[in-house]
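Here are a few exercises to work through with the model open in your viewer. Try each task before you read its solution.

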Amino acid sequence: MRPQDILLPTAAGLCCKPGGFHIDPVRPVDRAVITHGHSDHARAGHGAVLATQETLDMMRLRYGENFAGSTQAVAYGEEIRLGDVRVKFHPAGHVLGSAQIAVTCKDTCIVASGDYKDAPDPTCTPFELVPCDVFITEATFGLPVFRHGDAADEVKKLLASVALFPERAHLVGAYSLGKAQRVIALLRAAGYDAPIYLHGAMEKITHYYQSRGIALGELRPVMGVKKAALAGTITLAPPSATSDIWTRRFPDPVTAFASGWMRVRARARQRGVELPLVISDHADWDGLTATIAATGAGEVWVTHGQEDALVHWCRSKGLRAQPLDLVGYGDEEESEPPAAGEAEA
Amino acid sequence: MNRFAELLDRLAYEPGRNNKLRLITGYFREVGDPDRGYALAALTGALSFKHAKPALVRDLIASRTDPVLFGLSYDYVGDLSETVALMWPKGESLHNNPPPPTLSEVVTTLRTLGKTELPKQLERWLDELDETGRWALLKLVTGALRIGVSARLAKTAAAALGDKDPHEVELIWPGLAPPYTDLFGWLEGRAEKPLNRDPAPFRPVMLAHAIEDADFQSLDPVDYIAEWKWDGIRVQAVAGRDSRGHITARLYSRTGEDITQSFPDLVPALHLPGAIDGELLIVRDGRVQSFNVLQQRLNRKAVSPKLIKEFPIHLRAYDLLGDDENDLRELPFADRRAHLETFIKKLGDARIDLSPTVAFDTWDALTAARADPASAGAGEDADAVEGVMLKRRDAPYLPGRPKGQWWKWKRDPHIIDAVLMYAQRGHGKRSSYYSDYTFGVWTNGEAGDELVPVGKAYFGFTDEELLQIDRFVRRNTTEKFGPVRHVVHEPDKGLVLEVAFEGLQRSSRHKSGVAMRFPRISRLRWDKPPREADRLETLERMLKTEAA
């Protein structure tokens, strides 16, 4: 069976005809299989939604109780039959509850990996390598200039800056689902035990992480705290808020941003970031290429991001590769972050 | 090297002047000799490595990476050093993990290394360093730090190490050399203050404020001496005796750059020890030529006998900062002027003369003189007069722009010095050349002074000047947004454009709040650092005058 008979890109998203569902559809569909809770992948308005418990909970938090006609939670490793195909969820290591979706039809296995990273993250289940025939990979950081170092070192940089400027507030821009909680967990792992302040838009999702047993220490809402009391503290906020008049409530704030984009200096300077923290929830170039090679897949489909370079690399390694023209993913990361503070990377 | 790289990295992102100072001073405090000295040298632009060229860096990366991947990456990142630093693959030869080089090791090795050995050495270092280290190394060796730190700021940070006035460091600076161990010894209270052994050192210059109509009310003509404001180039001509008693003469630009080599024909005239502040002009047959003529002599690499003959150089002196061994800067201007008159007489050289004073007893009389310099004493040189200078009789010579001491009163009120900020390619016969310029002036921003765009101009320059600006734009682009190039515009890096315009209006469409009528480039001020360009307040005052 040809792989494109199993999964095919359509305007609504990646469509599995023999299974009768779409993966991460960008338009309302009857049956959706969702990889993770970020808003560009998990949208409201589908008939039936199949996802991990965490992803379903996050969608409920964001869109309200009636975000879908019906829902079904699936655990990592659990296999489900949908039409003529078998579907199995594997950890993607991207954010809490994120999954790669292995779709098997007869003897052909395609893994749609959604967003993933192979780097350690204390706030989610580690990425699991799934051998397959066709691997669908993201390419958010699909250029060899993107090499993300150890996130713990970046957090050390942040703590060194807090020590250097004790009279200033440190404002860390971080996407509110996943990145913020990871940064907090990394700060705790580095021994920082002072209260960490949160922008209002981060509270709900962060408390959800805590309710799933992820230890984040003492967190306080920043709202209502006196300006002087914020000297020497760390506050996490959606990236859009760090360039907003909202920052006036902080004493001489140092603006940090935790993102893989911070690897490129011009990106940081364009945003007026003073303290770039290269912490990414996506695989870097080495992670992408190592993962592709390790899956043993003979064919690679490359989606959202820098497809050209990754397709070129695959072909130079003798793999069949093609860009998948899927629209609607990762857009928020490239453009100015939306006002609601919902952008994720 | 890694600690230095960390400093550069942090500075590149830090917008605030005071925070930059703290970062640099902190580095000087933490890092020992000689590394910190070489860091100071790098920040002040005192290091250059002639063999390390961008082409060499391209060759290195080409030997290690896939050209398609490099091409896509470079296109995305837009900066060669950074692209190479980011995508440099670790070498396989590094089994024993050698420690990364220190900054001193890099600097001293590069100084002695031959051209042929350079690639191998750079490659080794790139293997040993981390990403930030590689970036800093490549920025350092190719001489393009571009991190928004001026030499002055770096010296100020060094001075802060010993709670000294930066001016003191500035004064002894010409006698110092990397790695500045004597300087740091003094700053840390472990050694005597280093002497400036340079027989002909530069002295920081004194600058004038642009005068406004309102200022005259509080000024008494009796307190001031007026001179013509010459349309040339401000220079400092210094001569002194070295340890063997020989005279050394140097010509400095207003920023302290040694430009002696461009004007060898003036050197013999400087045969007495002293320091003259004056204007460099071209004088043919006793007549001062326009700035356009002078410009044809500037920025020439080779100074041919033909050039010297066709463009005879002249120094018109208006102040004397030192007379033999005596520092005159504490004296009132009137006294310095008397010293200057004697000094010029003693020099007795036709290439150096005295800038005449303009006699006046009321502001009305001066206004008349300014309106018609030819009949007020400037005679045939009137074309080279761009206004008058007012100097307080009792003003000592102070570095910088002290308030109320010196005033400049330009002839045409509708001329400002602005800084080139963005450039776009033109159309028609100018397509492919960057010929549309957005320029800005200084204003108070959230993080200190910043440039705010005040207008656009796309004519007024000659074809020759267009080529020069185009070259400048292409070599000094900091970012590209579609067809728009961001051109470097920092206090010490950038191009100052003299912009002439017919009028000024309030505008809500412009961020600056003002719009100019018929702005055009009247002159390129290669000699002027951007920090000395005009401020938005000047335009706002013009606006009020226009309204009234």
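**Exercise 1.** Work out in which order the 7 strands of the open sheet in chain A run, and which strands sit at its edges.

*Solution.* Start with the order: S7-S8-S9-S10-S11-S18-S19 of chain A, with mixed pairing. Strands here are DSSP E runs of at least two residues, helices are H or I runs of at least four, both numbered from the N terminus, and two strands pair if DSSP finds at least two bridges between them. Next, the edges are S7 (79–82) and S19 (320–323) of chain A, each pairing on one side only.

This is a predicted model, where local features need pLDDT of at least 70, side-chain atom pairs count only at pLDDT 80 or more, and totals for chains, interfaces and linings use all residues. Residues are numbered from 1 along each chain as its sequence is written, while chains are lettered from A and ligands numbered from 1 in the order in which they are written.

**Exercise 2.** Find the sense in which S11 and S18 of chain A pair.

*Solution.* S11 (134–139) and S18 (299–305) of chain A pair in the parallel sense over 5 bridges.

**Exercise 3.** Which strands does helix H8 of chain A lie across, and what does H8(A) give to the side touching chain B?

*Solution.* First, H8 (307–316) of chain A lies across S11, S18 and S19 of chain A, at about 170° to S19(A); angles run from 0 to 180 degrees between N-to-C directions of axes fitted to C-alpha atoms, for helices over the stretch in contact. Then turn to the contact with chain B: 19 residues come from chain A and 18 from chain B, counting residues whose C-beta atoms, placed from the backbone, lie within 7 Å. H8(A) supplies the largest share of chain A's side, 5 residues.

Terms used
Two residues are in contact if their C-beta atoms, placed from the backbone, lie within 7 Å.
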